[in-house]
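Work through the exercises below with the model open. Try each task before reading its solution.

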Amino acid sequence: MQEVPVKSYQARIDRVCDFILQHLEEPLSVERLSQVANFSKYHFHRQFAANTGVNVGRYVQLMRLKRASYQLVFNRDMQVIQIALEAGFDNPESFSRAFKSTFGQTPSQFRKAPDWRAWHQEYNYPEKGRNKRMNPNIEVKIVDFTETKVAVLEHHGSHELLNNSVMQFIEWRKSSRLSPVDTSRSFGIPNGDPKAMAAEDFQFDICGSVNADVPENPQGVINKTIPAGRCAMLRHLGSRGEKMDAKIYRLYRDWLPQSGEELRDFPVYFEFINLFPEVPEHQLITDIYLPLK
C-alpha cells in the first residue's frame, strides 16, 4: 500500500482550517469538514486533533469566539445578542457560559476590561500542531516607499497586551479626527521579534498617517515619520498569525541572501490594508515592508 506523505496530511488539515475561517456563519459538521479534507469521517476527528492539538468542534468554537471577542471590544455598537447569534449560539446565556468558560470573563466583563493574556493562552495551543513547514511561495516586489508622517502610540511590554494599546489608539483616532481609519493609512512597527526577546524589551508602534503634527493628547500619541526609501514588499493575505510570521522569516532567510540586497537601519514594518473584525479574518490584507539600502 502506498504511503501518503506527512506533508499531504498537513496540507489537507490546513485546508480544513482555512475553510472553517471562511464559513464561520454556516453549519460546520464533521461530515462536511471531512469531505473538505478528503478524509474518512470515521477517522477525521483523530486526524484533526493530532495535527492541531484540539478537536474539530472545539476549534470551530474557538474561531467563532475569536471573532466574537474582537467584535465585543472593537465594535462596541454591536449588541451582545447579535454577536452571540453570529457566533452560532442560540441565545446570549449559552454564549456567555461558553465565553466565560474559555476566557474566564463574561462577554460584558471582556468588553469593559479584556484580559488579553488569558485570551492569548487559548490561541496558543490550536496552532501548535498546524503545518510547521508553512513555506508558501512568496512574491517580493522592490518598491520606493514615500516618506510618511504618522501619529504613533508606542506599546511597551508583552505583545499579548498589544490590543489594549490598539484600543487606546482607536480612542485617539475617534476623538481627534486627525487620522480617520477610513481615509488614513494604518501601520505597525515592531522593534524586533516578540518571540525572541524579553517582554519588557518589546515595543510596537501603532501608527496612523496624518497630514499635520499631532498636538499633546491624553492618550500619549506622538509624532513620528516612516522614512522614504527602497523596500522589499511582500503582501500577506489572511490571518496575521503564524503564516504571516513564516513569510517574514522566509523573507529574511530565503529571499534576502539570494537577492544581493542589504538592509537599511530601520525595522521591518507592516501596513494594514484592512482590519479585523471589519472584514473576516481570511480576507485580511497586510503589506510587509523590509527596508533596503
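**Exercise 1.** Is aspartate 205 buried or exposed, and which residues does aspartate 205 touch?

*Solution.* Start with accessibility. Aspartate 205 has a relative accessible area of 7%. The model is predicted: local features need pLDDT of at least 70, side-chain atom pairs count only at pLDDT 80 or more, and totals for chains, interfaces and linings use all residues. Residues are numbered from 1 along each chain as its sequence is written, and side-chain values use heavy atoms, with hydrogens and water left out.

Aspartate 205 sits in strand E4 (residues 203-209). Helices (H or I, at least four residues) and strands (E, at least two) are DSSP runs, numbered from the N terminus.

Now list the neighbours. Leaving out residues up to four places away in sequence, aspartate 205 touches Val152, Leu153, Glu154, Phe187, Gly188, Ile189 and Lys224. Contact means heavy atoms within 4.5 Å. The side chains of aspartate 205 and lysine 224 also form a polar contact of 2.8 Å. A polar contact is a pair of N or O atoms within 3.5 Å; within protein, one must be able to donate a hydrogen and the other to accept it, and residues adjacent in sequence count only if both atoms are side-chain atoms.

**Exercise 2.** What is the strand order of the open sheet, and which strands stand at its edges?

*Solution.* Trace the eight strands: E1-E6-E8-E7-E3-E4-E2-E5, with antiparallel pairing. Two strands pair if DSSP finds at least two bridges between them. Strand E1 (140-145) and strand E5 (222-226) are at the edges. Each has a single partner strand, so one side of each lacks a neighbour in the sheet. On average, neighbouring strands are turned by 35 degrees against each other, direction ignored.

Axes are lines fitted to C-alpha atoms, for helices over the stretch in contact, and angles run from 0 to 180 degrees between N-to-C directions.

**Exercise 3.** How many residues of E3 are buried, and which strands pair with E3?

*Solution.* Count first: five of the five residues of E3 are buried. Sort them by face. In a regular strand the side chains alternate between the two faces of the sheet. Ser186, Gly188 and Pro190 lie on one side of E3, Phe187 and Ile189 on the other.

Then take the partners. E3 pairs with E4 over five bridges, in the antiparallel sense. Proline 190 stands opposite phenylalanine 204 in E4. E3 also pairs with E7, again antiparallel, over two bridges. There, phenylalanine 187 has glutamate 271 as its bridge partner.

**Exercise 4.** At what angle do helices H4 and H6 pack?

*Solution.* Helix H4 (residues 56-74) and helix H6 (residues 92-103) pack at about 95 degrees, with axes 11 Å apart. H4 and H6 are therefore roughly perpendicular. Angles under 35 degrees count as roughly parallel, over 145 as roughly antiparallel, 65 to 115 as roughly perpendicular and the rest as oblique. The contact includes Leu62 and Leu65 of H4 and Phe95 and Phe99 of H6.

Notes
Buried < 20%, exposed > 50% of the residue type's maximum accessible area, 1.4 Å probe, protein only.
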